[in-house]
Structures are given as C-alpha cells and as structure tokens.
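Below are notes on the strand pairing and the side-chain contacts of the entry. Please read them beside the model.

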Amino acid sequence: LSPSLGNVTPTTFSFTVTTTGNANGCDEASFTGTIIVNPDDDIILTSALGTDDQTVCEGNTNALSAINTITYTLSGGAQSANVIGLPPGIQTSFDPALRQYTIFGIPTSTITSTTDFNYSITTSGTCVSATLNGKITLQPKAKLNLNTTSTTLNQIVCDNTAIDPIGFDLVGSTVNISDSGFPNGVGPNAIIGNTITISGTPVVN
C-alpha cells in the first residue's frame with residue numbers, strides 16, 4: 001500500500017504491532033516502529049496574476065523592456081527549483097528561508113520578429129516534483145535598414161533635378177514612418193512590402 005495523506009510537512013506515524021489470542025496465557029510479542037511520510041513538492045505563483053505570461057519590448061529601457069518580477073513560492077517537500085527556457089538577460093534568485101524563487105531583469109536578445117520564450121520551473125525535493133509553465137513574449141523594436149548606398153543619405157543636386165532614391169527596409173515592429181525636412185517635390189512613396197523609397201525632384205526656385 002502507498003500512503004495518500006495530502007500532507008504539506010513531514011508526518012511521523014508511530015506504530016505498534018502486538019500478537020493476540022494466545023490460548024495458553026503466555027506472553028504476547030510486540031514490535032514498535034515509525035513511518036515518516038514526506039510530502040510531495042508543491043509550487044504556486046505568488047506574484048501578481050498574469051506575471052507568468054507577459055510581453056515586453058526588445059531594448060534596454062526599463063519602462064519598456066524590464067519584465068514585471070515573477071515570484072514563485074515552494075511548499076510541501078520542495079527545497080529548491082530550477083527554471084529553463086528564459087530569454088537571455090533574465091535573472092533568477094532563490095531565498096531558501098522563504099522558499100521563494102524570483103525571476104526578473106531585461107531580455108538581451110536581438111530579434112526581428114515577435115518571439116515567445118516558453119519557460120518551465122520545476123521543484124526539487126525528496127518526493128514527487130512539481131512543475132509550472134510560463135511565457136515571456138519579446139516584441140522587436142522598430143528599425144530602419146538603409147537598402148541603398150550610404151551616399152544617398154547626403155546628396156547635392158541642382159534645382160529641378162531628381163535625387164537618387166533613398167530606400168529603407170522596415171524591420172522589427174516598424175509599421176510606417178514619419179518624415180520632415182525634405183524640399184518641396186521630395187518625399188516618401190507608398191510602402192511596398194516592407195520597403196519604402198524616398199524620391200523626387202526638389203523644386204526650390
């Protein structure tokens with residue numbers, strides 16, 4: 001038989017086994033012993049609801065890129081925990097006195113598209129371990145990549161003469177652009193795919 005107690009701390013059972021029914025009135029025999037039942041591991045999320053499934057931006061700005069601290073508390077027979085699957089840059093700490101496991105920091109991954117980091121935290125103790133799962137989603141920051149030669153960024157042309165087109169690839173979370181400072185007749189064209197081209201003929205006089 002296997003004990004099933006649902007206990008959260010080690011429980012000691014002291015037992016005695018004694019013979020009975022000796023028809024001749026002789027001494028009976030007995031044995032005593034103990035059975036210690038250790039609890040299975042347990043773990044719960046003790047930070048705010050939803051902190052185990054959050055989205056932050058790529059980058060190094062605390063306000064945009066730091067995750068909200070995730071805290072797990074161990075109970076039962078769990079003595080420590082191990083987490084796998086976190087994005088680079090995310091740190092962990094463990095307080096053995098409180099049996100609390102904390103996940104915090106800023107992801108340092110460089111990405112070009114939305115990336116999910118599915119993680120799991122598994123307890124370690126004397127009996128059956130427990131596992132919880134979570135997810136940190138990293139959104140790429142907006143980026144522009146020049147797809148024409150660098151000389152197109154600085155040009156000298158005559159009035160009423162077309163500039164060499166300036167092309168950009170829209171990367172990461174970039175959806176559109178705003179512009180300023182171009183002469184009359186020069187500006188961005190419609191986005192085609194993930195590319196935008198600035199072209200035209202300056203008309204100054």
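1. Terms first. Two strands are taken to pair if DSSP finds at least two bridges between them. Helices (H or I, at least four residues) and strands (E, at least two) are DSSP runs, numbered from the N terminus. The model is predicted, so local features need pLDDT of at least 70 and side-chain atom pairs count only at pLDDT 80 or more, while totals for chains, interfaces and linings use all residues. Residues are numbered from 1 along each chain as its sequence is written, and side-chain values use heavy atoms, with hydrogens and water left out.

2. Mixed sheet. Four strands make up an open sheet with mixed pairing, in the order β4-β10-β9-β6. Its edges are β4 (53-57) and β6 (78-84), each of which pairs on one side only. From one strand to the next the twist averages 25 degrees; axes here are lines fitted to C-alpha atoms, for helices over the stretch in contact, and angles run from 0 to 180 degrees between N-to-C directions.

3. β4 and β10 (residues 131-139) run parallel and are joined by five bridges. Within this pairing, T55 has T137 of β10 as its bridge partner.

4. Antiparallel sheet. Another open sheet of four strands has the order β3-β5-β8-β7, and its pairing is antiparallel. β3 (41-45) and β7 (90-95) each have a single partner strand, so one side of each is left without a neighbour in the sheet. On average, neighbouring strands of this sheet are turned by 20 degrees against each other, direction ignored.

5. β3 is joined to β5 (residues 70-76) by five bridges, and D41 stands opposite G76 in β5. β5 is in turn joined to β8 (residues 100-105) by four bridges; here I70 has I103 of β8 as its bridge partner.

6. The β7-β8 hairpin. Six bridges hold the antiparallel pairing of β7 and β8, with D95 opposite Q100 in β8. The hairpin has four residues between the strands, and R99 takes a positive phi near 55 degrees.

7. Aromatic contact. Rings of Phe, Tyr and Trp (its six-membered ring) pair if their centres lie within 6.5 Å; planes under 30 degrees apart count as stacked, over 60 as edge-to-face and the rest as tilted. The count is one aromatic pair. F94 and Y101 form this tilted pair, at 6.2 Å centre to centre and 45 degrees between the planes. Buried means under 20% relative accessible area, exposed over 50%, and partly exposed in between (1.4 Å probe, protein chains only). F94 is partly exposed at 29%, whereas Y101 is buried at 7%.

8. Salt bridge. With a salt bridge defined as a side-chain nitrogen of Lys or Arg within 4 Å of a carboxyl oxygen of Asp or Glu, the count is one. E58 and K143 meet in it at 3.3 Å, N to O. The pair links distant parts of the chain, 85 residues apart: E58 lies in the loop between β4 and α1 (62-65), and K143 in strand β11 (residues 142-146). E58 is buried, with 8% relative accessibility, and K143 is buried at 19%.

9. Cysteines. Under the rule that a disulfide is a pair of cysteine sulfur atoms within 2.5 Å, the count is zero disulfides. C127 is partly exposed, at 35% relative accessible area, and C158 is exposed, at 55%.
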